[in-house]
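Dear colleague,

Please find the structure below, together with a summary of what was found in it.

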Amino acid sequence: MTDQTYCDRLVQDTPFLTGHGRLSEQQVDRIILQLNRYYPQILTNKEAEKFRNPKASLRVRLCDLLSHLQRSGERDCQEFYRALYIHAQPLHSRLPSRHALRPMSFLAGLGLAVGLALLLYCYPPDPKGLPGTRRVLGFSPVIIDRHVSRYLLAFLADDLGGL
């Protein structure tokens with residue numbers, strides 16, 4: 001898994017978010033209002049007015065907001081992602097940083113399943129060993145399979161959705 005912080009993700013997602021037509025003016029205003037009303041320590045009234053100024057273009061205001069949040073810290077970036085999820089869920093699911101995490105989850109789960117399968121194949125459980133060991137190791141692939149299959153299906157669904 002990656003140890004990507006919310007600030008790192010915001011740096012990665014900024015070009016995508018500021019792209020033409022990604023976020024509407026209403027969505028940006030809702031995000032700013034949520035950060036201002038629910039978390040006034042993130043955006044003060046003065047800052048919220050600055051980022052909602054209709055005289056500046058939407059792209060400039062959004063770039064300024066994202067830069068401000070990146071300078072503010074991890075918690076502020078996390079709250080931005082929460083607000084983005086609430087007000088622009090379809091866009092949130094298409095963020096580049098979210099797609100970078102999916103294959104890593106799949107590969108980690110697949111690696112764990114293959115490792116356990118090899119362990120069971122190379123070193124079968126000793127029936128004379130600890131009582132119950134055979135039972136636990138016998139059900140391990142079933143337990144692991146259920147979790148791995150969820151990642152596999154999500155990974156395949158994403159690939160099939162792009163066809």
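**Findings**

Among contacts (heavy atoms within 4.5 Å) in the protein chain between residues at least 6 apart in sequence, 68% join residues at least 24 apart. Please note that this is a predicted model, in which local features need pLDDT of at least 70 and side-chain atom pairs count only at pLDDT 80 or more, while totals for chains, interfaces and linings use all residues. Residues are numbered from 1 along each chain as its sequence is written, and side-chain values use heavy atoms, with hydrogens and water left out.

**Helix packing**

Helix α1 (residues 6-17) packs against helix α4 (residues 58-72) at an angle of about 175°, with the axes 10 Å apart. Axes are lines fitted to C-alpha atoms over the stretch in contact, and angles run from 0 to 180 degrees between N-to-C directions. The two helices are therefore roughly antiparallel (over 145 degrees). On the α1 side the contact is made by C7, L10, V11, T14 and L17, and on the α4 side by L62, L66, L69 and Q70.

**Salt bridges**

The whole structure contains 5 salt bridges (a side-chain nitrogen of Lys or Arg within 4 Å of a carboxyl oxygen of Asp or Glu). One of them joins D29 and R61, with the closest N and O atoms 3.8 Å apart. D29 lies in helix α2 (residues 25-37) and R61 in helix α4, so this pair ties together parts that are 32 residues apart in sequence. Both D29 and R61 are buried, and they belong to a network of salt bridges that also links E25 and R52.

In another salt bridge, R82 and E79 have their closest N and O atoms 2.9 Å apart. R82 is partly exposed, at 37% relative accessible area, whereas E79 is buried, at 6%.

**A buried arginine**

R9, in α1, is buried yet has no salt bridge; the nearest side chain of opposite charge (Lys and Arg count as positive, Asp and Glu as negative; His and the chain ends are not counted) is D13, 4.7 Å away. Leaving aside neighbours within four places in sequence, R9 is in contact with Q4, Y81, S97 and R98.

Yours sincerely

Terms used:
Helix = DSSP H or I, 4+ residues; strand = E, 2+ residues; numbered from the N terminus. Buried < 20%, exposed > 50% of the residue type's maximum accessible area, 1.4 Å probe, protein only. Parallel < 35°, antiparallel > 145°, perpendicular 65-115°, else oblique.
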